[in-house]
Amino acid sequence: MRRNTTDKELVSIKLFDVIDKQKHWNDEKIQQAFPLLKANTLSNHKSRLYEQILVSLKLLQSDDPGIRIKDHISYAELLQRKGFYLQSLAQLSKAKLIATTFKMDILRLEIVEFEKKIESRYVTRSHSQRAKELTDESSLLRSKFYFEGAWSDLSLKLYDYYLKFGHSKSEGQQKKLSAMFKESLPTLSDAGFEDTIYKYQCYVWFYYISQDFSRCYGYAQKWCQVYEKNEVLIESEPEMYIRGLHNVLSALFYCDDVNRFIENHKKLKAFTTKHQHRFNENQLIQSFIYTETANLNSYIVEGRFTEGARYSDEFLEKMKQFEGRLDIHRIMVFHYKIASLKFGSADFSGAVKHLNIIINHPNISLKEDIQCFARILNLISHYELGNDDLIDFQIKSTYRFLLKLSDYHRVHSAIFNFLKNSVFMDRKMLIQDFKILREELLDILEDKYERRSLLYLDLISWLESKIYSKPVEEIIQEKKLAKRR
């Protein structure tokens, strides 16, 4: 802030110091620090300070390829205005080399259009094929953008769909999703880098929403392999590679493929450990989201709930450093995973605490699946705690909520009926009822859309823990061990 300081900048420096000392923004205290300045004058100083901070941030990121390209373009514009056309073209040539290396085709097209402008208006004595080269390059880039745009539009549409509706809940919903997907598919593909990545993103989202996790895993693997074949691309876009690994791990988590999950979890941790020293702020946030999601999932997929519940307290401390910069969807998912770990470790009060954060959030339209199963898990947690007086109210409240969302399924009905009938019975006399409910649920879960409940809550293992008088963590670990063998 103190570089090239003049008398006129002293107010900006003092303003920066005042703001820097605040934990939370407070306009009144800022105004009190400048009693001689009118509100509109102080506002102008804030704007000027903001611009100075942006300039300083740009200087700190001068090695970023995108910033380097734009700097060369700016130099080329200055030289062109001064009439130094060949020097201007030399700057554009440097910019194009960086853009080509790092697959930044939008900037590359801007450079080509600038080159065309110079070549068409001024005598540069370029070779005879120069005009054809530039027009061919421009045409090629424009066609690539068409395909990239089509794939990226579809990817964003699928992401928005998932945030609103979660996984497909019925055959009718799946047909609508498939129709939307097929209608939006580009008829051809240029098979360039960007449209290939967007293409794999689209298929990852489609199969993830459709609950076809094995195919989702296949496309996520292809996504990662594109980056692994080119180390330069990983270095320029590490967050996209990390996101690809995140999708690999998510698919394996839902496939319950413990061995491959562990293998790819190690790969993600090794990559972030090696590269995080040069991550920018955005990349650090994305790295935190994906690595911590994998960390929490690792405890669930391996059945290490008690260990995971202890780790969740450490995780919540880590999350504080990104307070205000994580979207509410991610935060709700984190709280549900922590609640699952607490439930699996028999800390039912801890589970209820985190489930209530989800249930009481005002924006219930965000991630409806999480909202639904948070209420189911909350019901079962209160049952385990012996809060019989709350069960009846909770059942009615949850039932109304699911009807409002049109998300009432046979699994829900079976759980509701069991809890309603057994809440005031002697728990020691319920073994046979637990067995009956288990058989009923196994029959219901033959329907692939009813199996969606297992993505969020292992009801069968919970029932078996009651039938065999074992902790649910022990039941799940025995199953995991048998499967891995």
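Colleague: What should I know before I start?

Modeller: The model is predicted, so local features need pLDDT of at least 70 and side-chain atom pairs count only at pLDDT 80 or more, while totals for chains, interfaces and linings use all residues. Residues are numbered from 1 along each chain as its sequence is written, and side-chain values use heavy atoms, with hydrogens and water left out.

Colleague: How many helices and strands does the secondary structure come to?

Modeller: Here the protein has 23 helices and zero strands. Both are DSSP runs numbered from the N terminus: helices are H or I with at least four residues, strands are E with at least two. The C-alpha atoms fill a box of roughly 95 × 65 × 40 Å, taken along the principal axes.

Colleague: What share of the residues is buried?

Modeller: Buried means under 20% relative accessible area, exposed means over 50%, and partly exposed lies in between (1.4 Å probe, protein chains only). In this protein, buried residues make up 50% of the 485 residues.

Colleague: How do I read two packed helices?

Modeller: Two packed helices are described by the angle between their axes and the distance between the axes. Axes are lines fitted to C-alpha atoms, for helices over the stretch in contact, and angles run from 0 to 180 degrees between N-to-C directions. Take helix H16 (residues 328-344) and helix H17 (residues 348-359). Their axes come within 8 Å and cross at roughly 165 degrees.

Colleague: Are H16 and H17 roughly parallel or roughly antiparallel?

Modeller: H16 and H17 are roughly antiparallel to each other. Angles under 35 degrees count as roughly parallel, over 145 as roughly antiparallel, 65 to 115 as roughly perpendicular and the rest as oblique. H16 passes H17 in a left-handed crossing. A crossing is left-handed if the near helix is turned anticlockwise from the far one by less than a right angle, and right-handed if clockwise.

Colleague: At what angle do H19 and H20 pack?

Modeller: Helix H19 (residues 388-404) and helix H20 (residues 410-422) pack at about 165 degrees, with their axes 10 Å apart. H19 and H20 are therefore roughly antiparallel to each other. Their crossing is left-handed.

Colleague: What should I look for in the loops?

Modeller: Look at phi. Most residues other than glycine have a negative phi, and most peptide bonds are trans. Ala 346 has a positive phi near 70 degrees. Ala 346 is found in the loop between H16 and H17. Gln 211 has a positive phi too, of about 65 degrees, although it is not a glycine. Gln 211 is in the loop between helix H9 (193-209) and helix H10 (213-228).

Colleague: Is Gln 211 buried or exposed?

Modeller: Gln 211 counts as buried, at 17% relative accessibility.

Colleague: How do I read a salt bridge?

Modeller: Side chains of opposite charge can pair when their charged atoms come close. The cut-off is a side-chain nitrogen of Lys or Arg within 4 Å of a carboxyl oxygen of Asp or Glu. This structure holds 20 salt bridges. One of them joins Arg 260 and Asp 257 (3.8 Å, N to O). Arg 260 is partly exposed at 41% relative accessibility, and Asp 257 is partly exposed at 23%.

Colleague: Which salt bridge links distant parts of the chain?

Modeller: Asp 313 and Lys 342 meet in a salt bridge (3.5 Å, N to O). This pair links distant parts of the chain: Asp 313 is in helix H15 (residues 305-319), Lys 342 is in helix H16, and they are 29 residues apart. Asp 313 is partly exposed at 43% relative accessibility, whereas Lys 342 is buried at 8%.

Colleague: Which residues are linked in a network of salt bridges?

Modeller: The network links Arg 438, Glu 439, Glu 464 and Lys 479. Within it, the closest N and O atoms of Arg 438 and Glu 464 are 2.9 Å apart. The pair links distant parts of the chain: Arg 438 is in helix H21 (residues 431-444), Glu 464 is in helix H22 (residues 459-467), 26 residues apart. Glu 464 is buried, with a relative accessible area of 8%.

Colleague: Where is Tyr 50 found?

Modeller: Tyr 50 is found in helix H3 (residues 39-60). Tyr 50 is exposed, with a relative accessible area of 54%.
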